[in-house]
Amino acid sequence: MSDRRAARATASSEVEIGVIGAGAVGGTFAHLLIKLGHEVSIANSRGPESLTALATGIGASPVSVADAAKAAEIVIVAIPTKAVADLPRGLFANVPGSVVVVDTGNYHPELRDGRIDAIDRGVLDSEWVAQQLGRPVIKAFNNILATSLLEKRAPRGTAGRIGLSVAGDSADAKATVLRLVDDLGFDPVDGGQLDDSWRQQPGTPAYCRDLGAPALRRALAEADRSRIAAYRAGEEARIRRAIAAETACESAPQ
């Protein structure tokens, strides 16, 4: 029996999950979710034909963005923030309200996304995403690197297991994502309402530090809302330094 079939045979609840985005985060999600026994459809802006090799390799179904949204119980949006505005209008118009939409993105105005006026004026990243989609979202998985998501999973009860926070306004939808966090190998931490999601945005104490659940809760509480822009700017500066150092290393004589 294949690994995928074995996982499905033992899975307590197979779920249809659509992943919009096939980069490092989206591809990692699809791979891990299939290993858990879920039915996964994956989509990107270039169409299903461009995903044939990736999908075949991991056992996902390559589909259009519209089909990823329609044929799922959970939809994970794993694309750059700026790309959300380019998704088809009315993407979720005929999708049942029970479908949970997860935003994994982060706003990087200087590095990738360009300036989005509403966010710069104070609208939270995921609030803006929800406005573009015309659909409530759950904020999750934005504060862990794809490598950690893939390599640092651990069984429930493992000492030092990494915690991941989940923020959103629907108790049922948030509970669904908290269970998914646990299934993926991380301690689920309730991050509050969507209005609290800034606490896990780039540069905050809870951002991409691979903290255990108690430390993550403290980090979420320590964040200062007046410093959102400063947190983001500091994180972008850190990333630029890391890129510069890596480039310098690669160009150095061997």
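User: What makes the pair Asp-113 and Arg-112 a salt bridge?

Analyst: A salt bridge requires a side-chain nitrogen of Lys or Arg within 4 Å of a carboxyl oxygen of Asp or Glu. In this predicted model, the closest N and O atoms of Asp-113 and Arg-112 are 3.2 Å apart, so the pair meets the definition. Residues are numbered from 1 along each chain as its sequence is written. Local features need pLDDT of at least 70, side-chain atom pairs count only at pLDDT 80 or more, totals for chains, interfaces and linings use all residues, and side-chain values use heavy atoms, with hydrogens and water left out.

User: Why is Asp-113 called buried?

Analyst: Buried means under 20% relative accessible area, exposed over 50%, and partly exposed in between (1.4 Å probe, protein chains only). Asp-113 has 8% relative accessibility and therefore counts as buried. Arg-112, at 34%, counts as partly exposed.

User: How do you know that Asp-182 and Arg-161 form a salt bridge, and are they buried or exposed?

Analyst: Their side chains meet at 2.8 Å, N to O. The pair links distant parts of the chain, with Asp-182 in helix 10 and Arg-161 in the loop between helix 9 (146-151) and strand 7; helices (H or I, at least four residues) and strands (E, at least two) are DSSP runs, numbered from the N terminus. Asp-182, at 14% relative accessibility, counts as buried, and Arg-161 is buried at 4%. Salt bridges that share partners join Arg-156, Arg-161, Asp-182 and Asp-187 into one network.
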